[in-house]
Amino acid sequence: MFPKTLDYYQIELTRMLETERYGEAIELLQFLLHCQGQDPKHYEEWQALLEWLMSAFPKSLHTDEQELAEEEEGEEQLARRHVEAKIAEDKNYPKKLLQAVMERPMSEKSFLALEQLAFVDLSEIDDALHIWLNRSDLHPLLQYRVLQILNRRGSQGLIKFQRGGEEVEIELDQVPLKPTDFPSQIQDVLERIEQHTGIHNPTLFYFAQELWYQFIMGVYGTMNYRSMLSEEDSILDVWAAALHTIVAETLQDDQSDEEIRNLYGITDSLRLRYEQAYRSMKQFISIGIKS
């Protein structure tokens, strides 16, 4: 659910430490220390742990993009070899992966099976995933994950299917694989919010960033998405204001709807577009966001 609870972050912090992801742990602790309204004992523990990590693992502060890319590439090679070994043991393994993904309720295991399909060198997998995309009950975030898997499998060309009640056309080799791959207009919406929240309310910006990318993946290729890329700059203000309003409501922030609209210059002429953007995001949240 959105937003995530303190217990979730405590569990994530423990996992990061257990798997020696010290750089990520440092970033999470820095975020938690900016959150308000928690038990003072928590802040003391977080601060002490942060100071210890920064002194014990200073190199974790300087992990650059190249090192991250090399780490991801290494993990992908391991995953590929794992799948190849499984197929060598059992020729029906690809079919079992498809069954785990398509014929069972979605769970961590089925998402893992979907991930493994990226490394199965069979054209039948592409065909099956294309057909599955048109299922009316498929969650939009799951649809997007399938698009990413098809991209990673090397699929190219235009694909048409239903998303949110409309037919979309998507070039498979252009599907973003990570948040920074999205066009600059998508990033600009978050930059607008950061200008108003980055210093005074970093918690709101953190949750806005999380919701925004999930929403963008959920509407990728739709009219809403295309309007962000093709219309005037003020439309980005509209989406930023709607996103800010929804996160403020969720976090029970004391800013009113009118105050937020004024921050982003939402005039009467933009009011209808603002309300439409707000409703679109609320509808997306209502169908459930999978972490």
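Let's start with helix H10, which covers residues 202–219: its 18 residues reach 26 Å from the first C-alpha to the last, close to the 26 Å expected at 1.5 Å a residue. Keep in mind that this is a predicted model.

**Helix H10**
- H10 is mostly covered, with 15 of its 18 residues buried.
- After H10 comes Gly221, a residue with a positive phi, near 90°.

**The nonpolar core**
- The largest nonpolar core is made up of 84 residues, and Leu117, Trp212 and Leu243 have the most contacts inside it.
- Helix H12 (residues 234–250) supplies the largest share of this core, eleven residues.
- Setting aside neighbours within four places in sequence, Leu243 touches Val189, Leu190, Ile193, Ala208, Leu211, Trp212 and Met281. Trp212, one of these contacts of Leu243, is also listed beside Leu243 among the residues with the most contacts inside the core.

**Helices H11 and H12**
- A handy way in: two packed helices are described by the angle between their axes and the distance between the axes.
- For H11 (residues 223–230) and H12, the axes come within 8 Å and cross at roughly 130°.
- On the H11 side, Asn224, Ser227 and Met228 meet Ile235, Leu236 and Trp239 of H12.

Conventions
Residues are numbered from 1 along each chain as its sequence is written. This is a predicted model: local features need pLDDT of at least 70, side-chain atom pairs count only at pLDDT 80 or more; totals for chains, interfaces and linings use all residues. Side-chain values use heavy atoms; hydrogens and water are left out. Helices (H or I, at least four residues) and strands (E, at least two) are DSSP runs, numbered from the N terminus. The expected span of a helix is 1.5 Å times one less than its number of residues. Buried means under 20% relative accessible area, exposed over 50%, partly exposed in between (1.4 Å probe, protein chains only). A nonpolar core is a set of buried Ala, Val, Leu, Ile, Met, Phe, Trp, Tyr and Cys residues joined through side-chain atoms within 4.5 Å. Contact means heavy atoms within 4.5 Å. Axes are lines fitted to C-alpha atoms, for helices over the stretch in contact, and angles run from 0 to 180 degrees between N-to-C directions.
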